[in-house]
Number of protein chains: 2
Amino acid sequence: MSVFTDVPLAQKLEGSLLKTYKQDDHPNKVFLAYKVCMTSQGQPWVSSVVRKTRMQIAQDPSLTYEYTPVMGMKSFIQASLNLLFGKDSQVIMENRAGGVHTVGDSGAFQLGAQFLKTWHQDSQVVYIISSHKAGGGCLPTEPHGLVFQDMGFTVYEHIFWDSARLCLDPSMLLDVVEQAPHGCIFVIGNIGSCKLTQGQWTQLMVLMKSKQIFPFFDIPYQGLTTDEGVGILVVVALSNELLLCVLSQLTDFARALWLNPPTTGARIITSVLCNPAMQGEWKQSLEGVVKNVMMTKEKVKEKLRLLGTPGSWDHITEQKGSHGYLGLNPQQVDYLVKKKHIYIPKNGRINFTCINSYNIDYITESVNEAVLFTKDSEK
Amino acid sequence: MSVFTDVPLAQKLEGSLLKTYKQDDHPNKVFLAYKVCMTSQGQPWVSSVVRKTRMQIAQDPSLTYEYTPVMGMKSFIQASLNLLFGKDSQVIMENRAGGVHTVGDSGAFQLGAQFLKTWHQDSQVVYIISSHKAGGGCLPTEPHGLVFQDMGFTVYEHIFWDSARLCLDPSMLLDVVEQAPHGCIFVIGNIGSCKLTQGQWTQLMVLMKSKQIFPFFDIPYQGLTTDEGVGILVVVALSNELLLCVLSQLTDFARALWLNPPTTGARIITSVLCNPAMQGEWKQSLEGVVKNVMMTKEKVKEKLRLLGTPGSWDHITEQKGSHGYLGLNPQQVDYLVKKKHIYIPKNGRINFTCINSYNIDYITESVNEAVLFTKDSEK
């Protein structure tokens with residue numbers, strides 16, 4: 001008896017850049033594609049308040065470890081909703097915002113996609129804002145694009161990075177929404193750096209409303225903690241009655257997916273959010289991270305200026321957040337990876353917190369070299 | 001614009017017994033249906049070694065919190081395989097046992113079912129050993145039965161509890177396997193108390209092999225920890241090459257399900273399993289729990305004997321494990337729940353660790369009353 005002998009090796013989808021980096025023994029190798037924020041010592045950043053809370057939880061003899069309900073930790077859900085909407089917001093006051101505790105990085109997408117598969121049958125078309133240029137044009141490159149596609153949705157990914165003008169282009173975003181089919185699902189994430197004016201935001205909302213486009217917001221990296229693999233799928237309904245119906249259906253899906261979600265991450269987050277002093281400390285530590293990122297970007301720009309690297313590098317400081325486009329073309333990225341052992345995703349979007357005082361000179365000099373080399377080879 | 005206005009309230013599948021218990025304000029109320037082991041103080045039991053390890057992890061400044069690979073924590077997977085098969089077992093020596101880190105209570109079922117849906121297309125029939133008598137006969141009562149059914153499998157649940165002879169009946173099990181269709185999937189769990197003789201085990205194996213029945217083992221409650229929501233889906237293949245193919249496909253499914261599994265539970269388990277002293281302490285604490293359960297069962301039996309409760313109660317001590325059938329009929333269970341505020345699942349299978357010195361007298365006296373009452377009403 002032999003089953004599964006016809007199972008082929010699955011196509012490797014990710015991790016190969018990190019794998020190559022790890023196998024590389026070049027002394028100056030750098031990995032600039034970590035998802036989480038890194039410290040100046042090159043370690044994943046964990047807020048001091050998270051360390052403190054983890055310790056308190058471990059030491060608390062009164063904490064019981066009964067299984068949580070399928071929907072998850074109630075206090076965690078409430079604290080997350082308060083953080084997201086504001087405690088006194090209308091949707092909270094009217095009891096029409098709710099959530100289901102989800103697991104891992106893609107748990108909320110999985111749960112949301114299952115729900116939409118069943119209850120949004122009019123349109124099974126999903127538009128996704130991507131940071132990657134789709135390779136062959138057919139396979140999604142974003143992990144949540146794959147989640148929707150595996151479930152049978154038709155997925156379109158769109159990139160708004162204008163590589164000529166070196167910025168995210170709001171008018172490209174509006175064009176895509178304009179052309180999207182009536183009633184489709186639009187996954188909105190990662191547009192913080194796409195500088196829409198107030199007028200463009202209004203235009204976007206009016207467009208989506210008139211076309212009955214369903215918005216699915218992706219709000220990753222709240223900065224609270226790393227590695228705890230916890231999330232929440234949030235629903236805002238027209239009434240509390242409708243909310244309860246939707247949540248009950250989501251709970252049914254969650255039962256099949258994980259039944260009892262792990263709680264360490266949720267416990268830490270809840271403890272921090274429900275204690276004003278801790279929440280203050282957390283926000284302060286986040287501000288520290290943001291300040292460091294901005295300083296790093298300024299330094300990178302200044303070093304490239306001093307090196308006389310051709311081109312404008314203002315786009316580096318104009319992008320918000322820890323991750324941003326370096327603004328290199330594929331040939332330059334390839335040069336950095338292969339010749340300089342600096343590991344950068346193909347789209348040139350890097351994690352700026354991976355740059356620190358130990359590697360900044362090597363990185364900026366290498367970028368300069370890559371730009372000059374490709375300039376020379378153009379001639 | 002209003003979407004999802006047609007979403008109905010999902011049918012409540014579980015939790016209503018616990019909910020009723022929590023809303024009950026009777027001073028003697030008892031809940032005997034918890035899934036986890038309880039202490040004599042009525043709190044979920046956590047091994048001292050788990051508390052210690054959780055503290056060590058929280059205090060360890062050297063622990064980094066980078067995301068784990070999609071497949072999960074490698075050290076956790078290896079430690080689990082060693083525990084399950086033995087470090088020097090043939091399948092480990094030949095590199096053909098592997099695993100994927102899973103999440104929550106049903107994560108391994110979800111992942112395994114997705115894999116079987118895709119790669120076991122010859123037969124999509126699933127047989128499940130259940131501890132519940134199926135109600136209407138069509139809906140599965142076990143949570144993993146629902147997982148398989150939601151994915152499109154045809155699910156049959158079978159119960160081997162002989163309510164006349166008050167024991168799990170191995171011949172019923174063998175009959176069911178005999179009648180099961182060629183190539184079906186058989187979920188094997190919870191048969192520790194179904195006392196198969198060596199000959200019956202051999203007969204079972206020969207039957208399953210000859211009918212190419214695919215065994216899917218369910219091994220819950222390793223007793224290591226509660227509430228950490230971690231598991232592992234284990235695969236044994238014919239060769240390392242085949243193993244890698246199967247694992248790669250499983251990893252693809254895991255990417256869509258959670259992408260990065262939470263790690264606290266896995267870290268605790270790995271720390272305990274990889275440290276011989278801690279592993280010894282863990283096993284000792286488990287022995288303590290087992291001894292307490294056996295003592296509780298003996299006491300319950302003895303108290304019923306002293307009360308002169310009609311019937312034999314030997315089946316209580318003959319069943320292994322924390323959970324077991326009290327051997328009551330539905331009318332008696334109903335009496336206990338409604339008249340005595342003792343919350344017991346309909347099948348009469350209870351968690352004996354919920355019985356402690358504070359409630360044992362009330363419970364046994366109530367069982368006696370229930371048996372006498374239904375005896376009277378029979379006349």
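Student: Which residues are linked with Arg165(A) in a network of salt bridges?

Tutor: This is a predicted model, and 24 salt bridges are found in it over all chains. One network of them includes Arg165(A). The residues linked with Arg165(A) there are Asp162(A) and Asp169(A).

Student: Glu228(A) forms a salt bridge with Arg54(A); how many residues apart in sequence are the parts that the pair ties together?

Tutor: The closest N and O atoms of Glu228(A) and Arg54(A) are 2.3 Å apart. Glu228(A) sits in the loop between strand 8 (214-218) and strand 9 (230-236) of chain A, while Arg54(A) belongs to helix 2 (residues 48-59) of chain A. Both Glu228(A) and Arg54(A) are buried. The pair therefore ties together parts whose separation in sequence is 174 residues.

Student: Arg96(A) forms a salt bridge with Glu94(A); is Arg96(A) buried or exposed?

Tutor: In this pair the closest N and O atoms are 2.6 Å apart. Glu94(A) has 36% relative accessibility and counts as partly exposed. For Arg96(A) the relative accessible area is 15%, and the cut-off for a buried residue is under 20%. Arg96(A) is therefore buried.

Student: In which helix of chain B is Lys301(B), which pairs with Asp314(B)?

Tutor: Asp314(B) and Lys301(B) form a salt bridge whose closest N and O atoms are 3.3 Å apart. The pair links distant parts of the chain, 13 residues apart, with Asp314(B) in helix 12 (residues 314-318) of chain B. Asp314(B) is partly exposed at 37% relative accessibility, and Lys301(B) is partly exposed at 21%. The helix that holds Lys301(B) is helix 11 (residues 276-307) of chain B.

Student: How is helix 7 of chain B oriented to helix 8 of chain B, roughly parallel or roughly perpendicular?

Tutor: Helix 7 (residues 170-179) and helix 8 (residues 198-210) of chain B have axes 10 Å apart, at an angle of about 10°. An angle under 35 degrees counts as roughly parallel. Helix 7 and helix 8 of chain B are therefore roughly parallel.

Student: How many residues of the contact of helix 7 of chain B with helix 8 of chain B are nonpolar?

Tutor: Helix 7 of chain B contributes Pro170(B), Ser171(B), Leu173(B), Leu174(B), Val177(B) and Glu178(B) to the contact. From helix 8 of chain B come Gln200(B), Gln203(B), Leu204(B), Leu207(B) and Met208(B). Three residues of the contact are polar and one is charged. The nonpolar residues number seven.

Student: What is the relative accessible area of Leu173(B)?

Tutor: Leu173(B) lies in helix 7 of chain B. Beyond its neighbours within four places in sequence, Leu173(B) is in contact with Ile129(B), Phe160(B), Phe186(B), Cys194(B), Leu196(B) and Leu204(B). Leu173(B) is buried, and its relative accessible area is 2%.

Student: How is helix 10 of chain A oriented to helix 11 of chain A, roughly parallel or roughly perpendicular?

Tutor: Helix 10 (residues 264-274) and helix 11 (residues 276-306) of chain A pack at about 105°, with their axes 5 Å apart. Ser271(A), Val272(A), Leu273(A) and Cys274(A) of helix 10 of chain A meet Pro276(A), Met278(A), Gln279(A) and Trp282(A) of helix 11 of chain A. The contact has six nonpolar, two polar and no charged residues. Since angles of 65 to 115 degrees count as roughly perpendicular, helix 10 of chain A is to helix 11 of chain A roughly perpendicular.

Student: How many residues of helix 9 of chain B are buried?

Tutor: Helix 9 (residues 240-257) of chain B has 18 residues and reaches 25 Å from its first C-alpha to its last, close to the expected 26 Å. Helix 9 of chain B is largely enclosed by the rest of the structure, because its buried residues number 14 of 18.

Student: What is the phi of Asn95(B)?

Tutor: Most residues other than glycine have a negative phi. Asn95(B), in the loop between helix 4 (90-93) and strand 2 (97-103) of chain B, is partly exposed at 48% relative accessibility. Asn95(B) is not a glycine, yet its phi is positive, about 55°.

Student: Which residue with a positive phi follows helix 9 of chain B?

Tutor: Positive phi is also found at Leu166(B), near 55°, in the loop between strand 5 (161-162) and strand 6 (167-168) of chain B. After helix 9 of chain B, the residue with a positive phi, near 65°, is Leu259(B).

Key
Residues numbered from 1 in each chain as written. Chains lettered and ligands numbered in written order. Predicted model: local features only at pLDDT ≥ 70, side-chain atom pairs only at ≥ 80, totals over all residues. Heavy atoms only, no water. Axes fitted to C-alpha atoms, helices over the stretch in contact; angles between N-to-C directions. Helix = DSSP H or I, 4+ residues; strand = E, 2+ residues; numbered from the N terminus. Parallel < 35°, antiparallel > 145°, perpendicular 65-115°, else oblique. Contact = heavy atoms within 4.5 Å. Nonpolar A, V, L, I, M, F, W, Y, C, P; charged D, E, K, R; others polar. Expected span 1.5 Å × (residues − 1). Buried < 20%, exposed > 50% of the residue type's maximum accessible area, 1.4 Å probe, protein only. Salt bridge = Lys/Arg side-chain N within 4 Å of Asp/Glu carboxyl O.
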